[in-house]
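Q: I would like to learn how to read a protein model step by step. Could we begin with its surface and then turn to its aromatic rings?

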Amino acid sequence: MQERVDKIRQVLEDKKADDFCFFDFQGTDYFADGVVLCTSLNERHAAALMDELKNELKPEEQFLNTDDRSSNWMIADLGDIIVHVMDRELRSIYDLETFFKDLGKKQKAAQEAQNAKNTAN
(Lines give C-alpha, C1' and ligand atoms only; values in the text may rest on other atoms or scores of the structure.)
Protein backbone atom coordinates (compact mmCIF):
# COMPACT_ATOMS: atom_id res chain seq x y z
CA MET A 1 0.00 0.00 0.00
CA GLN A 2 2.86 2.39 0.72
CA GLU A 3 3.85 2.56 -2.95
CA ARG A 4 0.29 3.53 -3.88
CA VAL A 5 0.17 6.21 -1.19
CA ASP A 6 3.54 7.55 -2.36
CA LYS A 7 2.20 7.75 -5.93
CA ILE A 8 -0.94 9.59 -4.76
CA ARG A 9 1.22 11.98 -2.75
CA GLN A 10 3.51 12.62 -5.71
CA VAL A 11 0.62 13.35 -8.08
CA LEU A 12 -1.09 15.70 -5.63
CA GLU A 13 2.05 17.51 -4.51
CA ASP A 14 3.28 17.90 -8.10
CA LYS A 15 0.08 19.86 -8.70
CA LYS A 16 0.71 21.98 -5.58
CA ALA A 17 -1.69 20.36 -3.11
CA ASP A 18 -0.88 21.40 0.45
CA ASP A 19 -0.87 19.64 3.81
CA PHE A 20 -0.84 16.04 2.57
CA CYS A 21 -1.74 13.56 5.33
CA PHE A 22 -2.20 9.80 5.25
CA PHE A 23 -3.93 7.74 7.92
CA ASP A 24 -3.30 4.00 7.93
CA PHE A 25 -6.22 1.86 9.10
CA GLN A 26 -4.96 -1.51 7.88
CA GLY A 27 -5.89 -4.27 10.29
CA THR A 28 -8.69 -2.25 11.89
CA ASP A 29 -12.46 -2.32 11.55
CA TYR A 30 -12.54 0.93 9.58
CA PHE A 31 -14.16 0.49 6.16
CA ALA A 32 -11.03 1.65 4.29
CA ASP A 33 -7.39 0.69 4.77
CA GLY A 34 -6.25 4.28 4.38
CA VAL A 35 -7.42 7.87 4.13
CA VAL A 36 -5.63 10.70 2.33
CA LEU A 37 -6.29 14.37 3.07
CA CYS A 38 -4.91 17.31 1.14
CA THR A 39 -5.73 20.99 0.75
CA SER A 40 -6.55 22.78 -2.49
CA LEU A 41 -5.95 26.47 -3.11
CA ASN A 42 -9.38 27.15 -4.62
CA GLU A 43 -12.26 25.52 -6.50
CA ARG A 44 -10.47 25.29 -9.84
CA HIS A 45 -7.37 23.89 -8.16
CA ALA A 46 -9.46 21.19 -6.45
CA ALA A 47 -10.95 20.13 -9.79
CA ALA A 48 -7.49 20.10 -11.38
CA LEU A 49 -6.11 17.96 -8.54
CA MET A 50 -8.90 15.43 -8.92
CA ASP A 51 -8.53 15.34 -12.72
CA GLU A 52 -4.77 14.83 -12.43
CA LEU A 53 -5.28 12.07 -9.87
CA LYS A 54 -7.64 10.24 -12.24
CA ASN A 55 -5.35 10.71 -15.24
CA GLU A 56 -2.17 9.61 -13.48
CA LEU A 57 -3.55 6.67 -11.51
CA LYS A 58 -5.63 4.99 -14.19
CA PRO A 59 -5.43 2.18 -15.27
CA GLU A 60 -3.58 0.94 -12.15
CA GLU A 61 -6.24 2.26 -9.80
CA GLN A 62 -9.95 1.71 -10.06
CA PHE A 63 -12.00 4.74 -9.09
CA LEU A 64 -15.11 3.17 -7.59
CA ASN A 65 -16.76 6.49 -6.97
CA THR A 66 -15.93 10.16 -6.99
CA ASP A 67 -17.90 12.96 -5.42
CA ASP A 68 -17.10 16.20 -7.13
CA ARG A 69 -20.46 17.91 -6.70
CA SER A 70 -18.85 20.35 -4.28
CA SER A 71 -15.68 22.01 -5.47
CA ASN A 72 -14.77 22.80 -1.85
CA TRP A 73 -14.55 19.11 -0.88
CA MET A 74 -13.98 16.37 -3.41
CA ILE A 75 -13.68 12.68 -2.60
CA ALA A 76 -12.27 9.76 -4.58
CA ASP A 77 -12.98 6.19 -3.50
CA LEU A 78 -10.21 3.87 -4.65
CA GLY A 79 -11.71 0.92 -2.78
CA ASP A 80 -9.26 0.58 0.07
CA ILE A 81 -8.04 4.20 0.02
CA ILE A 82 -10.29 7.25 0.28
CA VAL A 83 -8.87 10.57 -0.97
CA HIS A 84 -10.27 13.87 0.32
CA VAL A 85 -9.36 17.12 -1.48
CA MET A 86 -10.62 20.04 0.62
CA ASP A 87 -10.23 23.78 0.59
CA ARG A 88 -8.50 25.35 3.59
CA GLU A 89 -11.73 26.69 5.14
CA LEU A 90 -13.54 23.34 5.16
CA ARG A 91 -10.44 21.53 6.30
CA SER A 92 -10.28 23.87 9.27
CA ILE A 93 -14.00 23.61 10.03
CA TYR A 94 -14.22 19.81 9.91
CA ASP A 95 -10.75 19.10 11.35
CA LEU A 96 -10.62 15.60 9.92
CA GLU A 97 -7.01 15.21 11.07
CA THR A 98 -8.15 15.14 14.68
CA PHE A 99 -11.05 12.83 13.84
CA PHE A 100 -8.82 10.32 12.03
CA LYS A 101 -6.05 10.51 14.65
CA ASP A 102 -8.58 9.81 17.42
CA LEU A 103 -10.22 7.07 15.37
CA GLY A 104 -6.84 5.44 14.79
CA LYS A 105 -6.11 5.46 18.52
CA LYS A 106 -9.51 3.95 19.31
CA GLN A 107 -9.15 1.31 16.61
CA LYS A 108 -5.68 0.38 17.89
CA ALA A 109 -6.89 0.18 21.50
CA ALA A 110 -9.83 -2.00 20.49
CA GLN A 111 -7.55 -4.30 18.50
CA GLU A 112 -5.12 -4.60 21.44
CA ALA A 113 -8.02 -5.39 23.79
CA GLN A 114 -9.28 -8.07 21.39
CA ASN A 115 -5.78 -9.56 21.09
CA ALA A 116 -5.42 -9.62 24.89
CA LYS A 117 -8.81 -11.30 25.21
CA ASN A 118 -7.87 -13.90 22.59
CA THR A 119 -4.54 -14.57 24.32
CA ALA A 120 -6.27 -15.00 27.70
CA ASN A 121 -8.63 -17.62 26.28
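This is a predicted model: local features need pLDDT of at least 70, side-chain atom pairs count only at pLDDT 80 or more; totals for chains, interfaces and linings use all residues.

Q: Which elements make up the secondary structure, and in what order do they run?

A: Helices (H or I, at least four residues) and strands (E, at least two) are DSSP runs, numbered from the N terminus. In this protein there are four helices and five strands, and from the N terminus on they run α-β-β-α-β-β-β-α-α.

Q: What percentage of the residues count as buried?

A: A residue is buried under 20% relative accessible area, exposed over 50%, and partly exposed in between, again with a 1.4 Å probe and protein chains only. Of the 121 residues of this protein, 36% count as buried.

Q: How many aromatic pairs does the count come to?

A: In general, the distance of the centres and the angle of the planes describe a pair of aromatic rings. Rings of Phe, Tyr and Trp (its six-membered ring) pair if their centres lie within 6.5 Å, and planes under 30 degrees apart count as stacked, over 60 as edge-to-face and the rest as tilted. By this rule there are seven aromatic pairs. In one of them, the rings of F23 and F100 have centres 5.5 Å apart and planes at 35 degrees, so the pair is tilted. This pair links distant parts of the chain, since F23 lies in strand 1 (residues 18–24) and F100 in helix 4 (residues 96–120), 77 residues apart.

Q: Are F23 and F100 buried or exposed?

A: F23 is buried, with a relative accessible area of 11%, and F100 is buried as well, with 3%.

Q: Why is the pair of W73 and Y94 described as tilted?

A: The ring centres of W73 and Y94 are 5.1 Å apart and their planes stand at 50 degrees, so the pair is tilted. W73 is in strand 4 (residues 73–77) and Y94 in helix 3 (residues 88–94). W73 counts as partly exposed at 21% relative accessibility, and so does Y94 at 45%.

Note on methods. Residues are numbered from 1 along each chain as its sequence is written. Side-chain values use heavy atoms; hydrogens and water are left out.
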